[in-house]
Amino acid sequence: MSAGGPTRPVESPRMPSHDVLVIGAGLAGQRAALAAASAGATVGIVSKVHPVRSHSVAAAGGINAALNPEDSWESHAFDTVKGSDYLGDQDAIEIMCREAPDEILYLEHIGVTFHRNETGHLGTRAFGGASQARTYYVADITGQAILHVLYEQLMKHHERLERYEEWFTTDLLRDEHGHCSGAICRNLRDGRLQVFDAKSVILASGGAGQAFKPTTNGLIVTGDGIAQAYRIGAKLMDMEMVQYHPTTLAENGFLITEGARGEGAWLLNAAGERFMEKYAPNKLDLASRDVVSRAEQTEINEGRGFPDGTVALDITKVPRKRTLEALREIVNIGRDFAGVDITREPIHIRPGMHYIMGGVKTDSFGQTNIPGLYAAGEVACVSVHGGNRLGANSLLDTLIFGRRSGEHAAARAKTMPMPTTPASKLADVEANIAAIISRPAGGRRIAAIKEELGTTMNRYCAVFRDAEGLAKAHEIVRRLKQEAPLAAIDDRGSVFNQDVIAAIELGYMLDVAEAILVGAQERKESRGAQFRTDFPKRNDDEWLKHIDIVVNGGDVPQVEYSPVTITRWQPEERTY
Amino acid sequence: MNFTLRVWRQEEHDTPGRFETYEVADVEPDESFLEMIDALNDRLIIDGSSPIAFDHDCREGICGACSMTIDGRPHGPGDGTTTCQVYMRQFDDGATVTVEPFGAFAFPVIKDLMVDRSALDRIQQAGGYTGVNAGPKPEPNANPVSPEDAEEAIDAAICIGCGACVAACPNGAAMLFTGAKVTHLAHLPQGQPGRFARVQDMVDQMDSEGFGGCTNFGECEAACPKDISIRVIGRLNRDYLMGVLYHPRNPRGGMKPQ
């Protein structure tokens, strides 16, 4: 037993004040921190888990870039615009696609082991919605491979880059001018609260998949950053756009990478028909994710799926050797979680909640409407994904806009003094947490409220939606918002008190869920991931615009509109 | 299925720990081990006791968070799996199952089944990165990497840093972890600058953290959820020897960040 092991200080003895504070240490946060440190800023990076456990680690398939001489960034950008169902902002998409090849070279340079083909050159795989095979990958552990190498680089910069691992952010701070001036965080190991002063704050805390059940997202993905920013007045955008991934495991919602179809796997209905021939005669199984998920759900709803509400993914179409080399994780997942050897038999899958295109509204430098507050990665909405994100564009989004945020935040920090936060702010948060811990027993369990939220969202706000269901879901979420502050807390301790964290996270998820539902009710058309059975057509005349969601005290949030930026691609009918 | 669990409970690092015994009944064979603990925790909470603290996140075997020693095996029964990939059907009905934290001198317990694995980070921080700025980024296809080298590098880079190798080793050695990190970069052109200083700095840090040395038990390889081969320790030893003999570091010590 290791009880006699060495003791070490858990965190830095230095007072936490930094030019740039990054919240979240997945790909976006680590890339932002590295860019800011490389630009000369002092950086703090806070994460509620150890950085390499961040959910980016689960990203499987790869990262898109037009790096081959026969490819072009314009082609990548057009595919992204079309994938977004013309809701993506084309100026931001152009930036992302133009800068993508250089980012791949950067990653390669710091030691990411991208797949090499038999001649020793970088190899690519095909991905959905793309007109070229432009996805660079590391087997099916691309996220893990990049995350670990970025973490090595964070360590290399440890002299000006302080890591706060297993610190949970509870609140963002605004100073008297309305600028974001830092955050208050709780050290999970001993329950201590601490103010982190910062000239600029970059939110990079990921999405909100846990507001849905099932989801492909890990248990830590609870919408923290989206809700924190929203609560201090940051605008949210495109929140109604929730991606259902076409291939999640029937048993438990785990992700089967799109790389499987990229390598040649087929989707089949219960009759063994390759049904995508009907829905996307050109791209077939590699149409955009919203298109494929809708096709699957249509097959299932119309009785052509299996009795357990699934269709089949047949990976035996891929040569076995190639599967074992390029899809090794899903071979394991099939074996361990479904009891199936995917190289020999088809596997049952269904669409499952995977990603939110929406988030904190930013410009192409990651700036939100609150001065000093930046956002990058899934927490943000630039918007490069619009109504539907292409596979392998999310890693790219995290890295490009993480870097751009880090650089911009570092430059901004050079121009200003270090803010100092009055002690009263800390006292307020301390009182909030003490109130949570001392709640009387008797309320509903946090897990039960979370379960009701997740199943409600998945029932009414999934692949197909309508006004009636959305209104019903909204009513339930409003009720849950009243129940949540009364939920029972059992752990009254301070060391790794997961109950307190769960109570706070539940509040975040409810705020995000409401924003999603308000956006989905507002958008009375079908575009990208939002398919309204009561408004089944895309309506560019009225709805080629973003829906922004703004906090309104404890009431139902306000809705605003903002224009979509169109540079060179006018909306066209979208077929695959 | 029914089980008797013996679980290590420890309030915090400085307090003494003990095994507590819990009976769990009506467990589905297809329940995962962590789901079984979740259910037990729900019961403990309802009974007014404190739930068992354990690390977990993705529950699909990729994040490296979960870390329990089950019946003496880090990550429990089954080859090439993490704790979250263990199912109750892998145990005999009625069995007594012992659950402990990853035990190692360099992994102090934080609470119950959670341990502090930051010593592994400090090994990495001592030099486990591409450290030399070699001017502008080269066009990657200017330096072809053979598929064999790329494959070897990926087989090492797949390390999720869970620390099972340390917990499995009778010597509490971190050589499979360190070897994997060294091997990943040693197979790539961009890992060549600083290669021999890197291995010496990492080994020095590994020793100073109180990890033991490898004496070829092979337990690490058997416990590794990513099936990393013990060959990486051979690579570590070869590079370390090459470093000490032919590439000694300058007297000012380690590689400095650029």
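1. Helices here are DSSP runs of H or I covering at least four residues, strands are runs of E covering at least two, and both are numbered from the N terminus. In those terms, A:Asp85 sits in the loop that links helix H2 (73-83) to helix H3 (90-110) of chain A. The model is a predicted one, and the points below should be read as comments on a prediction.

2. Backbone of A:Asp85. This residue is not a glycine, yet its phi is positive, at about 55°. Most residues other than glycine have a negative phi. A residue counts as buried if 20 or more other C-beta atoms lie within 10 Å of its own; A:Asp85 has 24 and is therefore buried.

3. Backbone of B:Asp71. Chain B also has a non-glycine residue with positive phi: B:Asp71, near 50°. The loop in question runs between strand E3 (68-70) and strand E4 (73-74) of chain B.

4. Cis peptide bonds. Two in chain A deserve a look. One runs from A:Lys213 to A:Pro214, with omega near 0°; A:Pro214 belongs to the loop between strand E9 (193-203) and H5 of chain A. Another joins A:Val382 and A:Ser383, with omega about 5°. A:Ser383 is placed in the loop between E17 and H11 of chain A. As background, most peptide bonds are trans.

5. Helix H11 of chain A. This helix covers residues 394-413, and its 20 residues should span 28 Å at 1.5 Å a residue; the end C-alpha atoms are 27 Å apart, which agrees. H11(A) is also mostly covered, with 17 of its 20 residues buried.

6. Sheet in chain A. Five strands make up an open sheet with mixed pairing, in the order E17-E15-E10-E18-E19. Strand E17 (380-381) and strand E19 (558-563) are the edge strands; each has a single partner, so one side of each has no neighbour in the sheet. Strands of a sheet pair through backbone hydrogen bonds, either parallel or antiparallel. Strand E10 (residues 236-237) and strand E18 (residues 545-550) of chain A run antiparallel and are joined by two bridges. Within this pair, A:Met237 is opposite A:Asp548 of E18(A). Helix H5 (residues 224-231) of chain A lies across E10 and strand E15 (359-361), at about 40° to E15(A).

7. Nonpolar core. The largest core has 257 residues, and the members touching the most others are A:Val20, A:Val201, A:Leu203, B:Cys165 and B:Val166. Helix H15 (residues 498-522) of chain A gives the largest share of this core, 15 residues. Which residues does A:Val201 contact, leaving aside neighbours within four places in sequence? They are A:Leu21, A:Ile23, A:Leu172, A:Cys180, A:Gly182, A:Ala183, A:Gly372, A:Leu373 and A:Tyr374.

8. Interface between chains A and B. On the chain B side 59 residues are in contact with 53 residues of chain A. Elements of chain B that each supply at least two residues to this side are strand E6 (109-111), strand E7 (114-115), helix H2 (118-125), helix H3 (147-157) and helix H5 (175-186). The largest share, five residues, comes from H3(B). By class, the side of chain B that touches chain A holds 32 nonpolar, 22 polar and five charged residues.

Terms used
Residues are numbered from 1 along each chain as its sequence is written. Chains are lettered from A and ligands numbered from 1 in the order in which they are written. This is a predicted model: local features need pLDDT of at least 70, side-chain atom pairs count only at pLDDT 80 or more; totals for chains, interfaces and linings use all residues. A nonpolar core is a set of buried Ala, Val, Leu, Ile, Met, Phe, Trp, Tyr and Cys residues joined through C-beta atoms within 7 Å. A residue is buried if 20 or more other C-beta atoms lie within 10 Å of its own, exposed if 12 or fewer, and partly exposed in between; C-beta atoms are placed from the backbone. Two residues are in contact if their C-beta atoms, placed from the backbone, lie within 7 Å. The expected span of a helix is 1.5 Å times one less than its number of residues. Two strands pair if DSSP finds at least two bridges between them. Axes are lines fitted to C-alpha atoms, for helices over the stretch in contact, and angles run from 0 to 180 degrees between N-to-C directions. Ala, Val, Leu, Ile, Met, Phe, Trp, Tyr, Cys and Pro count as nonpolar, Asp, Glu, Lys and Arg as charged, and the others, Gly among them, as polar.
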